[in-house]
Amino acid sequence: MKLSSRDDLRDIRAALSDVLDAAMPTSAIRADAASAHGYDRTLWAELASGFGITGMHAAEGAEGPLDLDPIWVVAELLGARLAALPYLSTVVLGTLPLLRAERTDAGSEVLGELLEGRLTATSAEPVQGWRRHEGRLSGSSSAVLHGTDSDWILLVDDGRVYGVHDPAGVTREPVASIDLTRPTSAIDFQEASLIELGTLSLEQQDRCRADLLTYLTHECAGGLRRVKDMAVQHLRDRHQFGVPLGSFQALKHRAADLAVDTVTSTAVARAAAAAVNTPAYLPAAERAFLFASDAYVRAASSSLHMHGGLGFTWEFDSHLYYRRAYASTALAGRSSATRCRLGQRLMASA
Amino acid sequence: MVRMQDIDAASVDAWLAARAPLHTAQDAQHTGVALIEESGADEGAVVEAARAWQREWYDAGYAELGAADAAVVRSVAANYRLPDLRPLLIGLHILGPALREHGTAALQRRYLTPILRGEILACQLFSEPEAGSDLAGVRAKAVRVPGGWSVSGQKVWTSNAHFADVAELLVRTDSASSRHAGLSMFVMHMDAPGVDVRPLRQMTGGAAFNEVFLNDVFVPEENLIGEEGTGWRVAMTSLSGERAALGGEFEAVPPQLVEKLAAMALRRGRSEDPLVWGCLADAAVADFAHRAVVEHGAADPQLAGAAASVTKLMVTDLLEVVTSAVLEIGDAEVLLERGASIDAQWSEFILGKPGVAIAGGANEIQKNVIAERHLGLPKG
Ligand SMILES: Cc1cc2nc3c(=O)[nH]c(=O)nc-3n(C[C@H](O)[C@H](O)[C@H](O)COP(=O)(O)OP(=O)(O)OC[C@H]3O[C@@H](n4cnc5c(N)ncnc54)[C@H](O)[C@@H]3O)c2cc1C
């Protein structure tokens, strides 16, 4: 079965949930996280070339507006399960900038491979003294998602999209981060060869940023719903003082707060998704992400807390979500910088 | 995702453009920020303007729409400066839903259509001194008399009772009953003999709510909403309409709060201050989140039923975030008595805020509802 954007979103959701639920109990996710690549390569191959999840958003040959709704469905599902798959890196950091770019022939070729699910990609941002000179790059990046095994590393510099593919001059080093379920690497480039893949206008760069923020918002909403469900289940099952924990109003109100954050995070994600093909996309995506990433941290902490000592153990899953929630706040640059820029623009338009 | 819609935004826009000014950047300086209506000297004019607006609105076909169409109309209307429509809220969103769901055809003809058309304004006689959050403790009672009922008792915190034409009245019709059983709901005329409305001064200094004393007030049989003894069910319909309205289906917060904050920062020479930027961003995020739940909350895959309570809680969150921004940007000026300066209007906002967290079911009650009814946690 191959999925495409013409499939009903509910069907996509149902088909993928089944596969993921079968393949990804959290025990499996933990094992994957500890493995060499940090994720289950067989499952990824099945999802990418079997289901086609890397290409659902690109109807063949269509030049019209992008339909990103399938991506958001996947984001919620993967976020809920803390799946360590290279979907965010390949699809959101790889295919979307290329889809939005004026591509070179090489760019179109790479895009085709990524959409088909044959190759993976990620993107790197400059950290220390990058030098780009005559088609070669030197410098280093400290936190590259799936940096160890992505086939392509994309960089956007001065409106141009470059790709690094040739392993010569690229040193990749896994970095352990607080988030156990998102493999990250440090990459050192020494005269690595750059291939020009296309150009991105400033407006398109804004849209790429909005894509990332909207994706993360949906992941947060999915994870938040899961920590809410875990807490509610526990409040029903666990008894103290002869009654279920959920009889105590202090905890009922915490659970209600989780429901409020779940409903609202899902709603802001929908609102950002509804703005995709409008000028309000980036402003909506920034607001949505700032809300949902904050709410996820709040909710993951509160859900963990309601599990008591159990929540503080390595074996129990609460901490995986807690780790993911904090790590998500930093994936799109510092939240405080996003917040500051948003406020500055609001001020400028007064 | 495509929703079925009959109304197109362009025709709504054209209709509104012929009757109301667009919001402009300057509006942010001219429209007020009060959260709770004031019964000031101009109250009569405000009420009449709301009635007149609603009559045209109804005649144009906008007063009775499905959810999807209503959302289209709402988002277009948000661009226009409309009259203050709060005098209509109780009729449209509290009594209206009860009549629509439980009223006889005759009752709907007599009251619902005029309410939708702004000809009849309503108030809500639910709360009593001994029955607030615990509404099932209502004591006011109705006894049978020829042709109807005679009502006696005391109601309190009744918004708009001083100008409303009718009331949605919750009373005990079975004196032997207690709690939820034995309650019935009526439409009562506020000018009936025996209705005594006394204004209550609230903490803002104004008097938008009242005590209402009922002494042997006659209510005709046909004004019973639903059946005798089903008052609690009818009340639940009204309360969920109220929650949804206070949560934002109705403009629950003053328009353009973020723009108003930015305008204040500009006036005060703070536009280059990163502290101000941060506050504006926080307000914009809270405002966006509130609007998003109003628009998408009811589509939640698991918690659609909780959406009204969620939106109401999100309103109070928004008000807190805006208040922090107001204090940062406006400094002590916003704590001056309203009228002292343009920025002093925010004192009205700050003073109105506690009422929003109490009215329509206090926040704790909303959280109990979410936890017990929607998350399935134990009752009590
Ligand atoms: C501005 C305004 C307008 C109003 N307009 C109307 C109107 O038009 N018509 C009308 O009928 N009423 C109206 N009300 C009344 C309003 O519905 C009640 O005030 C409200 O339901 C709370 O009831 P109470 O005042 O008796 O407080 P109480 O019920 O005594 O509550 C006091 C405090 O205890 C908390 N509390 C109570 N029970 C619980 C519980 N089980 N768990 C946890 N905490 C609890 C409450 O949250 C609150 O903080 C209005 C109120 C305000 C402020």
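Biologist: Which residues come nearest to the ligand?

Modeller: B:Q124, B:S127, B:S133, B:W157 and B:E364, out of 19 residues around the ligand. Bear in mind that this is a predicted model.

Biologist: What makes a residue count as near?

Modeller: One of its heavy atoms must lie within 4 Å of the molecule. The ligand has 19 such residues around it, and the ligand lies between chains A and B.

Biologist: How much of the ligand does the protein bury?

Modeller: 67% of the 970 Å² that the ligand exposes when taken alone. Strand 3 (148–159), helix 11 (346–358) and helix 12 of chain B each give two or more residues to the shell.

Biologist: What is the make-up of that shell?

Modeller: Eight nonpolar, 10 polar and one charged.

Biologist: Now the chains. Why is A:R339 with B:D282 called a salt bridge?

Modeller: The rule needs a side-chain nitrogen of Lys or Arg within 4 Å of a carboxyl oxygen of Asp or Glu. Here the closest N and O atoms are 2.7 Å apart, so the pair is a salt bridge. The count between chain B and chain A is four salt bridges. There are also 11 residue pairs in polar contact between these chains.

Biologist: Which element gives the largest share of the chain B side?

Modeller: Helix 9 of chain B, with 15 residues. That side divides into 28 nonpolar, eight polar and six charged residues.

Biologist: How much area do chain B and chain A bury between them?

Modeller: About 3,400 Å², 74% of it on carbon and sulfur atoms. In chain B, B:W277, B:F288 and B:L375 lose the most area to chain A, together 18% of what that side buries.

Biologist: How many residues does each chain bring to the contact?

Modeller: Chain B brings 42 and chain A brings 41. Each has heavy atoms within 4.5 Å of the partner chain, so each counts as in contact.

Terms used. Residues numbered from 1 in each chain as written. Chains lettered and ligands numbered in written order. Predicted model: local features only at pLDDT ≥ 70, side-chain atom pairs only at ≥ 80, totals over all residues. Heavy atoms only, no water. Buried area = accessible area lost by both parts, 1.4 Å probe. Polar contact = N/O pair within 3.5 Å; in protein donor to acceptor, adjacent residues only side chain to side chain. Helix = DSSP H or I, 4+ residues; strand = E, 2+ residues; numbered from the N terminus. Nonpolar A, V, L, I, M, F, W, Y, C, P; charged D, E, K, R; others polar. Areas by Shrake-Rupley, 256 points an atom, 1.4 Å probe, with all protein chains shown as cover.
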